[in-house]
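Thanks for coming. I have one structure to show today, and I will keep to contacts and packing.

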Amino acid sequence: MSRRVKLALYALLCVLCVPFVFPTWWMVTSSVKPISDIFAFPPALVPSRFDFSTYSRVFELQPFGQQYLNSLYIAAVVTVGTMAVAAMAGYAFARIRFPGQNVLFLVVLVGLLIPSEVTIVPLFQMFHAAGMTDTHWPLILVPILGAPSVLATFIMRQFFITLPDELEEAARVDGLGRFGTFCRVVLPLARPALGAVAIFTFLHSWNLYLEPIVFLSTPSKFTLPQALTQFVDAYGSPLWNVQLSAATMTALPILVVFVLAQRQFIEGLAHTGLKG
Amino acid sequence: MTDLGNRVADRAAARPRHFWTIPRRDALVGYLLISPQLAGSALFVLLPLGLVVYFSLQEWNVLAGTFEFVGGENYAKLLADPNMGQVLTSTALFSVGLVVLNLALALILAILLDQRLRGTTFFRTLFFSPVLVSLVAWTIVWQFLLQQDGGINGLLGAAGVDGPNWLRGETTALLSVVVVQVVKNVGLNMVLFLAALQGVPRQLYEAAQLDGAGAWTRFLRITVPLISPTILLTSIITVVGSLQVFAQIAVLTQGGPGMSTTVLVYYLYQQAFQFRHLGYGATLSVLLFLIVAALTLLQWRLRRRWVFHES
Amino acid sequence: MKAPLAALALAALLTVTACGGGEAPAAQGPQPLRMSIWTSNEAHLKLFKEIAAEYRKSHPQVGEITFDPIPFENYTTTLTTQIAGGNAPDLAWILENSAPDFVGSGALVPLKSKVENAAELVPAATRLWERDGELYAYPFSTSPFGVFVNTDLVKAAGQKAPRELIKAGQWDWEHANEINKAVAAKGKNGLTILNFDYKAWDNLATVWQGWGAKAWSDDGGTCQFNAPEMVEAMTFMHKAIFTDKSMPGPGTAVDFFSGDTAMAVAQISRAAMLKDATFKWDLVPLPAGPKGEYAVIGQAGIGVLKKSPRAAQAADFLAYFTNSANSAKLAAYFPPARTSLLTADTMAKTSPLLNGDQLQKVVIDGIEKGVVKPSHKGQAELAQTARAALDPLWKPDADVKAVLDGVCAKIQPLLGG
């Protein structure tokens, strides 16, 4: 590659990444801007002075620490649960022959096609009848077992299909049963696919917006996206800088973790061998 | 297989030593493994879906607490709804725009990052980072940036361009919502494409180059066929996702200006939750479900035409 | 995880057999009460909890009383979703724009005989919550609109302060517009109508009322968006926005409280936001329109839901929550509708940021003669439909009359129904 082509590529990459980086930059810097700076035109790239008081306001206005923990633990439980459910179902659908397999797979796939707005009312009724509204159960059970986990099962199935048959034959020769093969041979190989599922699932749970609003009503049980909409004055007008501080706190730690672990993250995602 | 072998096999099948043959045991394990997913699907997908169909046959006034069977009335209303044309047009424009832009940009970024350049990891991280920002936070920020006097027009102004009032023009509002959504999520598809590209054997390109194939021909004849399974997967996920975009519209435009960004899922939300026409909302849900299902089925059917080595 | 799953399966069966959600069986022991609200302000919640604790001392049969904050933006939507799911609260705050729906549908318990000294409630404040002479919600917050003025900005633009204009009898929209035009010419914002944001058009009633315009006829049956008064009022606003630039245009976020805006039409409760203001400010009544002086109020009521199995107890608590003594406490944050509290002296104790003149002219006079923002049965659908039809108005070359005719064409079917 010639120098000139390289330079052109770098220039292109730099221009392209502006819309990806600028919003985050603006969010982080605006969270410490005085409020008049937020409305300034042209927008200031760097705050004229730093005002960190909004960060303590976040914790005064909402049990933000608790809400952070809620989001984290729900996302963690959902991620682990989904990985287990999807790995099992994906393996069975890909590698085991049993009567009704195709029909059952189609039945499960229906979940891939349903936006959550469609089923939220009946789900709310069910959980209410079970006495589980204003608890975290709906936010945990539905993603692990319901529609959101179907994509995970689909990804796992597509991965398992690509494994060579010899693998299981060898395992059988070694005296391993189906379960043994699944746990000791197949699962370790599925690490990249599981990584992809983990990322998808974690982000899905972390971003869940409609469901928490509908199911939860006590501030100490709220999740982060829901909490973000609560930084308003008593009359519904947003407290912009406080909201941006809270938004920054929901985004930055995840971004930092990602930058540190991004090799595993992305390569895990990349090496799923996702073959439609 | 020899005759002898056949006979042995027949005899083995004719007198099972016990009930739990290997296929039967396998089947049991299979059922066990899928049971959580299947139970979940029945409880959290099929049952609510059935209830939605049932609701769509009712007139349900939440406040008055009345719930009465009206048969196909909501479906007749759907056919006569004067807003439906506009809603379906917006939905189609939005979805097509989103899918095309997302897949094209994802592929372009993946190809750029697949070049042997220093610092691609760095850029990859940047392009992927919006995926990790909470959707609500992301949308709130863009709401600011897209204002008449916001950051986008500030940047454009610095480049000497007089930017439009993004969220107030019908076309620009639709475009804005598409772009906000694409920038947020294109990183995922980009990474999947990148993986697929890295799986294409380099010798194929070298051989084609020797045969005198240009870059474009190599892309069309080698790259596209070899990564077609990934294109299929990403396009299914993206199409389904494009019909479910909701929070962004709720925060950025609330369906306006006019009804230019009132896509089906947002219209459904308005009817069912804001206007409290739960029966009609359920009818729209059924329609949305049928559209998503039809599109997915269509993609799956068409895959044999263009997806390489589909087994 | 097994137990909740079994419970859910059972619940699913229940849902299928008894659709619409089962009523909770009458339980023994102290009964809890739940009130849905839209504020999550600590000070507000603290006051509510104090009142609740006080009530429980004399009512041991009442269990815990919880106050459920729902985000303001999705308030009515979330509340109805909960009701649809069979999880109605016992009491709920209701916004003025959904009042006709709640009052008209029979979802609320009649309250007239329960509310302490209901006779002293200002008629302008209760009209919205009444049907057939019965009161269905208590108007706990009756907040007049006024104009907050950043007097520093007005002075810097070389203009007379609104207060001087009031003294000269010249405080009308034409004069206000001149001030804002001058401020805008200096690169700041002129006048903003808070929360309007070119979407929530019902806030424009604070302007068009001065022209005697109405969104629809008093019986709610006929669209009046294309009546001559409305066309005139909207033409005034259109000129202010696009020709004079005295009102910030669409797609511009404006924040009065940060100090870059000369005037804001807002409810007086917003004065609390000016506690730490870095500029000099004033609060004046809405400017007079061609039809003279007028006032507009925004409202919120508390209702008891019929669906609640503890409705009687809830109504009793509501009566206590809003009795004269507690109304006085609530008045610190929510302007009251009780005449006994509507004196400049009592109000001054609870609104330290406002002076006597401001309280009398804007708050007390406003509550007594105010017109409530427009609301109608099916308001959410009307609001959205009219919003979509009004959007073409917010362009420089809009034909005002044609757009307003279009609004009527769209909403008349909804009004007539």
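Predicted model: local features only at pLDDT ≥ 70, side-chain atom pairs only at ≥ 80, totals over all residues.

First, chains A and B. On the chain A side, 75 residues are in contact with 75 residues of chain B. Which helix gives the most to the side of chain A that touches chain B? That is helix α15 of chain A, residues 240-270, with 12 residues. By type, that side of chain A divides into 57 nonpolar, 13 polar and 5 charged residues.

Now a helix pair across these two chains. Two packed helices are described by the angle between their axes and the distance between the axes. For helix α9 of chain A, residues 147-161, against helix α2 of chain B, residues 22-55, the angle is about 145° and the axes are 9 Å apart. The crossing of α9(A) past α2(B) is left-handed. From α9(A), the contact is made by A:A147, A:S149 and A:T153, and from α2(B) by B:Q37, B:G40, B:F44 and B:V45. Those residues divide into 3 nonpolar and 4 polar, with no charged ones.

Last, the core. The largest nonpolar core has 298 residues. Its residues with the most contacts inside it are A:M156, A:V197, B:A137, B:V141 and C:L318. Helix α8 of chain B, residues 170-198, supplies the largest share of this core, 17 residues.

Take A:M156 as an example. Setting aside neighbours within four places in sequence, A:M156 is in contact with A:A86, A:A87, A:G90, A:Y91, A:A193 and A:V197. Among these partners, A:V197 is also on the list of core residues with the most contacts.

That is all I have.

Technical notes. Residues numbered from 1 in each chain as written. Chains lettered and ligands numbered in written order. Axes fitted to C-alpha atoms, helices over the stretch in contact; angles between N-to-C directions. Helix = DSSP H or I, 4+ residues; strand = E, 2+ residues; numbered from the N terminus. Left-handed = near helix turned anticlockwise from the far one by under 90°. Contact = placed C-beta atoms within 7 Å. Nonpolar A, V, L, I, M, F, W, Y, C, P; charged D, E, K, R; others polar. Core = buried A, V, L, I, M, F, W, Y, C linked by C-beta atoms within 7 Å. Buried ≥ 20, exposed ≤ 12 C-beta atoms within 10 Å, placed from the backbone.
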